[in-house]
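Morning, everyone. Let me walk you through some helix packing.

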Amino acid sequence: MLDPIITFFQRLFSAIGRGVGIAVAWLLWPFMAAHGWYNQRTWTVKGVVLAVLAVLVVSYGYFIIQTQRWTNFDPDYIAAYKFAERTVPAGQELPATDGAAKTCQRSAIVDVASDLTDFNVNQNAWISSMLLYRMGLFGLDWDNTPFLDNKASFQRGINQAVRRTSVELVDTLGRVRGTSGINSNLQEARGNMQFSEYSWYFGLDPFGPKSPTPSYYRSAMRSFQVFNAELVACNAVFDGRADNLIQFIDRIAGDIGSTSAILRERSENYNGGWFDTRADDRFWFAYGQLYGYYGVLSAAGADFSQVIRERNLTNLWNDTLSQTRAALRIQPAIISNGEESGWLMPSHLATMGFYVLRVRSNLVELRSVLDR
């Protein structure tokens with residue numbers, strides 16, 4: 001009775017074994033062929049091949065280390081600024097001391113924008129423009145894989161927050177509208193922050209070398225610092241009026257609203273769970289954007305402290321910061337884009353989308369109170 005069953009399973013496992021053997025042989029064939037070719041070469045050719053392999057191993061080792069090491073990542077980074085101790089809004093004259101030259105308050109927003117850029121390109125390697133990141137995985141964009149793209153997406157999210165901030169500094173905050181020209185340092189910073197996030201030394205133009213992306217962002221960082229030095233010397237303007245704060249909040253709310261729409265679209269239309277290879281870059285971009293805006297909004301609370309006090313917005317402002325900080329507690333090891341009602345695979349995109357919308361809702365409420 002059992003003989004036919006035993007024979008069936010013997011044949012089944014034999015077929016599986018042959019299939020595995022064929023698959024392994026197919027995978028190993030290129031290496032075996034290369035080994036045979038290598039053994040037939042002269043030592044000169046062998047040396048060149050070994051040198052190329054060594055460069056590849058070192059390069060990929062460095063690349064992998066940089067994508068996995070997040071230097072000075074700290075969701076509570078704003079604590080070091082001690083904004084609560086500042087009593088004078090940005091651009092206003094500080095209390096004079098005997099014999100001291102006249103000085104004005106520096107902009108906390110500009111400081112944070114500069115420091116976030118420093119975090120992206122100096123304290124960490126800027127991943128998106130690294131040659132091996134541009135080459136992808138056998139030609140496949142790293143963003144379309146579940147590997148080695150989380151830090152790059154996080155950095156681009158921070159960069160988006162700084163870009164938006166640099167535009168508002170030029171257009172409204174760093175000038176008195178209608179009565180003063182655009183500050184040249186802020187204009188240079190804005191122009192450099194708009195540079196492509198992916199440009200390597202040759203960028204998109206194979207016929208002309210150019211500086212890589214991090215060099216442009218470093219130039220923007222220096223321009224931010226020069227502006228603040230001018231502001232401290234009372235030679236620049238920071239217009240801390242309520243209508244400027246309203247517009248600044250509007251722009252931030254619109255920016256994260258666009259991110260919320262991206263999260264919702266991915267969450268609703270692609271329920272691949274842990275196998276959705278684009279879920280991680282969507283999540284970490286949103287995370288980086290909130291990470292950046294957490295610092296920018298905290299700084300805005302210091303720069304516009306007089307407006308916030310006069311409009312009795314302190315509690316609502318602090319609640320907005322608390323909501324933003326709450327989103328930064330979500331740090332899953334593997335991003336899952338499961339169905340919202342699923343029990344096996346969580347929906348991290350839906351969770352992040354909820355926090356993004358909650359922050360945006362607080363910003364809209366802030367704006368409505370300011371506009372009364």
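Start with the buried residues of H12: His348, Leu349, Met352, Gly353, Tyr355, Val356, Val359, Asn362, Leu363, Leu366, Val369 and Leu370. Buried means under 20% relative accessible area, with a 1.4 Å probe and protein chains only. Helices here are DSSP runs of H or I, at least four residues, numbered from the N terminus.

A word on the source. This is a predicted model, where local features need pLDDT of at least 70, side-chain atom pairs count only at pLDDT 80 or more, and totals for chains, interfaces and linings use all residues. Residues are numbered from 1 along each chain as its sequence is written, and side-chain values use heavy atoms, leaving out hydrogens and water.

What covers those buried residues of H12? The cover includes H8 (242-269), H9 (279-303), H10 (305-310) and H11.

Now H11, residues 314-327, against H12, residues 348-370. They pack at about 165°, axes 9 Å apart. Axes are lines fitted to C-alpha atoms over the stretch in contact, and angles run from 0 to 180 degrees between N-to-C directions. H11 and H12 are therefore roughly antiparallel (over 145 degrees). On the H11 side, the contact (heavy atoms within 4.5 Å) includes Leu316, Trp317 and Asp319. On the H12 side, Met352, Tyr355 and Arg358 are among them.

Note on methods
Helix = DSSP H or I, 4+ residues; strand = E, 2+ residues; numbered from the N terminus. Parallel < 35°, antiparallel > 145°, perpendicular 65-115°, else oblique. Buried < 20%, exposed > 50% of the residue type's maximum accessible area, 1.4 Å probe, protein only.
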